[in-house]
Amino acid sequence: MKVGIIGYGAMGAAFRSVLEDEGGKVTAVLGRASSLARTRAELPTSVLVTDDVAAFCAAVDVAVECAGHEGLRLHGPRVLAAGIDLVVASVGALADAPTEAALRAAAETGGRLVIPAGALAGLDALSAARAAGLEEVRYTSRKAPRAWRGTKAETMIDLDAVTQATVFFEGSAREAALAFPQNANVVAAAALAGAGFEATRVALMADPQTSANRHQLEARGAFGELSLQVLARTLEANPKTSLLAPLSLVRAVLNLGRKVIV
Ligand SMILES: NC(=O)C1=CN([C@@H]2O[C@H](COP(=O)(O)OP(=O)(O)OC[C@H]3O[C@@H](n4cnc5c(N)ncnc54)[C@H](O)[C@@H]3O)[C@@H](O)[C@H]2O)C=CC1
Ligand SMILES: O=C([O-])CC(=O)C(=O)O
C-alpha cells in the first residue's frame, strides 16, 4: 500500500515515523508551496514532495490528511474523487456544512472517507450505542495553557494568569469544532459517531497543573452509560496535539489493508 500524507507538520511526521516502524511506506507528501523546501529536506529522495494534487494522487493508494481544516477543505474532495481512500485528522472541518457535503459527495463515487477516533477513545461504543438511541453525550477537554495559545481561547481567558483548571468555553460540538480548529477535532469525530454536531455538548478548559491533554467523554442512552478519560501525552513538536492522534491514523490506514480487522 502506497501511503500519501497531506500536510507534513507535527502529526504528519509522527504518523510517518510510526507507520514505517509498523512496516508501512510513505510514497508522497502534499504540502503548501511555501513549505516544500523544508519538507523536502526532512524526507528521503524516494518520497515525492509536491504541491500538485494530481501528481500526489498518482503516487498513492491511500491518503492521510494532517493539514488542518483549510487543507482538508481544499484537497479532500479532489483526492476522494480520484478514487483514493482518505483518512482525516482535521475532522472538525466537517462541522462546516458545505465542507461536509463536498466530502460526502466525493466519497459517494470515489474513495472512502475514514474518520478515526484520533486522540479520543470510545467512538466504537458511541457509534454502536447510537442504534438504540443516545440521550446525552458530553465531551470535556482539559489542556495546558500553552496548548491554547494562538487560538480563540486567548480572547476568552487570560492564559498567563490562570492558576487552576478553568472552563472558558461551553457550547455544541459544531461551535467548538469551528472555533477551535486545532484543538477540537476529536469532538467532531465523537459527534459524527454519536449524537451529531448540535446535541453533543462540549466544555473546554485551561489547566496550568497538567502537561498532558485530558479528554473526557460521557454518554447516556438506551445502552446504559459510558464514562471515560484519556490522559494523552502530547507531541514535542506541537503541545496542542496528542501522540494518540497519529497512532490512531496509523491504525486506520493499516486496517484498510487488513483481512482481519480489530
Ligand atoms: N483528530 C485528532 O485527534 C486531531 C486532529 N488534529 C488536526 O490535525 C492537524 C495537524 O496537526 P499538527 O500536525 O499537529 O499541526 P501542524 O501545524 O504541526 O502541521 C500542519 C501542517 O499542515 C501543513 N498545511 C497547512 N495547510 C496546508 C495545505 N493547504 N496543503 C498542504 N499542507 C498544508 C502546514 O504547512 C503544516 O506543515 C491540526 O490542524 C488539526 O486540524 C490535531 C490533533 C488531534
Ligand atoms: O490531540 C488532541 O489532544 C486533540 C486535538 O488537538 C483535537 O481534537 O484537535
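A crossing of two helices is called left-handed if the near helix is turned anticlockwise from the far one by less than a right angle, and right-handed if clockwise. The structure considered here is a predicted model, in which local features need pLDDT of at least 70 and side-chain atom pairs count only at pLDDT 80 or more, whereas totals for chains, interfaces and linings use all residues. Residues are numbered from 1 along each chain as its sequence is written, and chains are lettered from A and ligands numbered from 1 in the order in which they are written.

The secondary structure of the protein comprises 10 helices and 13 strands, where helices (H or I, at least four residues) and strands (E, at least two) are DSSP runs numbered from the N terminus. The C-alpha trace spans about 50 × 45 × 35 Å along its principal axes. Of the 262 residues, 47% count as buried; a residue is buried if 20 or more other C-beta atoms, placed from the backbone, lie within 10 Å of its own, exposed if 12 or fewer, and partly exposed in between.

Helix 4 (residues 68-81) and helix 5 (residues 97-109) pack at an angle of about 15 degrees, with their axes 8 Å apart; axes are lines fitted to C-alpha atoms, for helices over the stretch in contact, and angles run from 0 to 180 degrees between N-to-C directions. The two helices are therefore roughly parallel to each other, a description that applies to angles under 35 degrees, while those over 145 count as roughly antiparallel, 65 to 115 as roughly perpendicular and the rest as oblique. Helix 4 passes helix 5 in a left-handed crossing. On the side of helix 4, Arg73, Gly76, Pro77, Leu80 and Ala81 meet Thr99, Ala102, Leu103, Ala106 and Ala107 of helix 5, two residues being in contact if their C-beta atoms, placed from the backbone, lie within 7 Å.

Helix 8 (residues 185-193) is mostly covered, as 9 of its 9 residues are buried. Its buried residues pack against several elements, including helix 6 (123-129), strand 7 (134-143) and strand 10 (213-221).

Lys25, by contrast, lies in strand 2 (residues 25-30) and is exposed, with 12 other C-beta atoms within 10 Å. Leaving aside neighbours within four places in sequence, Lys25 is in contact with Lys2 and Val3, and the C-alpha atoms of Lys25 and Gly4, which are 21 residues apart along the chain, are separated by 8.7 Å.
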